[in-house]
Every structure is written in structure tokens, then in C-alpha cells.
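Subject: Structure for your review

Dear colleague,

Please find the structure below, together with its sequence.

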Amino acid sequence: MDRIEIKELAQFTGKEISSYYLAAEKDLREGKGGKYLRLRLQDKSGSCNANVWNNAQKEAEQFEEGDVVKVNATVTNYKGQIQLSVNKIRMADQSEYNLEDFLAKSQQDPNALAEEFFRYVESVKEVHLKQLLKSIFEDKEFFSKFAYAPAAKSWHHNYIHGLLEHTVSVARLCEYCTGHYNVNYDLLITGALLHDVGKVYEYQQSPAIEFTDLGRLVGHLTIGDQMVCAKAAQINNFPSELLMLVQHMILAHHGEYEKASVRLPQTIEALILHLADNLDAQATGVQQLVEISPSDAQWSEFDKLNNRYYYIYHD
């Protein structure tokens with residue numbers, strides 16, 4: 001199978017190409033001239049927008065979100081961003097592609113990330129917190145799922161090993177803060193390592209990242225809280241106040257009720273965890289937008305989550 005990767009599309013601007021991509025997002029919209037189909041196509045090298053202008057409803061019925069599709073399209077540059085104007089599209093047969101070509105992965109070595117993750121576990125001295133961490137993450141089957149999982153569906157670290165990469169990054173930021181503020185190191189690092197643990201059950205990748213039913217109905221904050229409580233109940237004499245503080249960090253790490261936080265941060269450790277989590281998520285999300293932009297682009301694609309574009313400085 002000859003395939004043109006997303007990152008190579010800029011070389012074909014103005015030309016017609018034929019290739020295979022994963023339909024990560026699919027949206028039938030109403031335009032001035034009637035309905036059109038808006039797609040987000042991806043492979044392991046990146047993603048781009050695509051539009052089907054003709055027979056949009058009929059074409060939309062040929063495949064589902066998450067399918068690998070074959071497209072014949074013209075490569076265009078719209079406001080500095082590479083897009084595809086699709087002429088033909090169909091669902092690809094499994095014999096036509098290798099699924100690994102469409103699954104984006106962390107650019108960091110997962111084995112190195114795992115080693116760093118467990119160094120943080122070992123750095124926690126409080127006996128109950130260390131037992132809690134080990135009871136969760138030394139379960140090899142669970143940690144395998146944790147290390148493979150994405151951290152999000154679309155905005156940040158939305159790729160294989162993304163959850164592990166994000167968690168280690170948040171732990172690094174929290175560790176840095178312990179040298180500047182009067183905080184409890186063991187509590188803060190425990191919160192950093194556990195804050196998104198529920199995402200293992202919130203998302204599934206098959207092959208596009210989708211919410212599980214549990215993820216949609218319960219969410220990773222509550223899932224993580226339940227996991228921690230269940231494990232703590234198996235540890236002799238786990239201090240109730242300490243458990244409450246760990247629960248609070250998990251339930252408050254989104255920071256605002258408007259962003260689905262169960263509680264507002266009300267300890268300094270919970271506040272720092274929220275800010276570290278948000279810093280890593282937002283900075284990585286913007287970085288991903290910039291990285292998929294053409295090399296000469298002055299502005300990123302539109303960030304729908306934060307309602308803005310980002311200026312790209314070329315030094």
C-alpha cells in the first residue's frame with residue numbers, strides 16, 4: 001500500500017492525491033449551498049481537516065467515525081492550513097492497510113517514562129501512600145493498560161502512551177513546586193501520579209479514541225476516586241484524613257465546576273496539582289497544534305476549546 005502521510009501533504013498542495021487515513025471525526029453540516037461533510041483525518045504523523053462538498057449525506061453513510069477510509073482529494077492551503085477537498089471517499093477493507101500506520105504514539109520512550117514514573121513512586125516515603133501507589137501500579141496488567149492509554153480524546157496527549165507521558169510531566173512540575181512552596185511532597189506526588197488514573201477506563205481506542213460508557217456517564221475523576229478508596233480499604237489502618245486529602249486532589253484537579261471539577265481546590269497541594277495539570281495539558285495541546293501546522297505557517301489552526309488561534313514565531 002502506497003500512502004501519503006499527513007505530514008507530507010504540504011508537498012502536494014494544488015495536486016490530487018489518493019491515500020488512506022483514519023476518519024477520527026465526522027460531522028455532517030449545513031452550509032450555504034446545502035449539506036457538506038466535515039472530517040478530521042489522521043495517521044501516526046498527524047491530522048488535518050477535510051471536506052466533502054458533493055453528495056455529502058450519501059458519502060457520510062458509507063463509513064463511520066473511527067473507520068479507515070480511502071480518499072481521492074485535492075490538497076489545498078486554506079488560511080495557512082493544509083486541508084483536503086475530497087472528491088471520492090470509501091471505507092477501506094482491512095486487507096488494504098496496516099492499522100499501526102494510523103495510531104499516533106508518544107514521541108517519548110515509554111520504557112523510560114515508566115522508569116521515571118516508578119522512581120516517583122519510590123520517592124514517596126509515607127508508608128500508607130506508598131502502599132496505595134504500589135497496590136495500584138504494581139499490578140502488571142493494570143499498569144500495561146495505564147502505560148498504553150491516551151490522556152484525552154482530542155485536545156492533549158491524545159495518542160498511545162499519552163496518559164503515562166502526561167502523568168510523568170505533571171509529577172515533574174509538582175516536584176519542582178515542592179522546592180518553592182511549603183507543601184507536603186508525599187501527598188502532592190501521590191496526587192500527581194493518581195490524578196488521571198481513572199482515564200484507563202474512560203477511553204477506548206478501536207482504533208479512534210472514544211469514550212467508554214463508563215467514561216461518559218461517570219467520568220475519570222469519580223472513577224479514580226472509587227479506585228483509590230477501594231485500594232485504601234485493603235490497607236491496614238489507612239488514615240482517614242490522608243485518604244480524604246488524596247480524594248480531594250483527584251476530585252478537584254479540574255479546578256473549576258465549569259470544567260467538570262467535582263470540587264474546587266481547597267488545599268495548597270490540590271491547587272498546585274490543578275495548575276500543573278492544566279499547564280501541561282494546555283501547553284501540550286497548543287504545541288500539538290503548532291506542530292501540525294505547515295513549516296511556513298504564521299498562525300495555527302483554530303483552537304475550538306479555548307476559542308483562539310496561536311501566532312507561530314519563526315526564529
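Two residues are in contact when heavy atoms of theirs lie within 4.5 Å. The model is a predicted one, and that definition of contact applies to the residue described next.

A104 is situated in the loop that joins strand 5 (81-91) to helix 2. Apart from neighbours within four places in sequence, A104 has contacts with D43, K44, Y159 and I160. Its relative accessible area is 18%; because buried means under 20%, A104 counts as buried. As for D315, 211 residues apart from A104 along the chain, the two C-alpha atoms are separated by 28 Å.

Helix 2 itself comprises 14 residues, 110-123. From the first C-alpha to the last, helix 2 reaches 20 Å, which is close to the 20 Å expected at 1.5 Å a residue. At the start of this helix, the backbone nitrogen of N111 has a side-chain oxygen of D109 within 3.0 Å.

Which residues of helix 2 are buried? They are L113, A114, E116, F117, Y120 and V121. These residues lie on the same side of helix 2, because the arc they cover around the axis is only 165°. As a general point, an α-helix has 3.6 residues a turn, so residues three or four places apart point the same way. The other side of helix 2 carries the exposed residues N111, E115 and R119. Against what do the buried residues of helix 2 pack? Their partners are helix 3 (127-137), helix 4 (140-148), helix 5 (162-178) and helix 6 (185-194).

Turning to the strands, five of them form a closed barrel in the order 1-2-3-5-4, and the pairing is mixed. From one strand to the next, the twist averages 45°. A23 has L41 of strand 2 opposite.

Is H274 buried or exposed? With a relative accessible area of 11%, H274 is buried, because the cut-off for that class is under 20%. Not counting residues up to four places away in sequence, H274 touches A252, H253, H254, G255 and P265.

Yours sincerely

Terms used:
Residues numbered from 1 in each chain as written. Predicted model: local features only at pLDDT ≥ 70, side-chain atom pairs only at ≥ 80, totals over all residues. Heavy atoms only, no water. Pairing = 2+ DSSP bridges. Helix = DSSP H or I, 4+ residues; strand = E, 2+ residues; numbered from the N terminus. Axes fitted to C-alpha atoms, helices over the stretch in contact; angles between N-to-C directions. Expected span 1.5 Å × (residues − 1). Buried < 20%, exposed > 50% of the residue type's maximum accessible area, 1.4 Å probe, protein only. Arc of directions from axis to C-beta. Polar contact = N/O pair within 3.5 Å; in protein donor to acceptor, adjacent residues only side chain to side chain.
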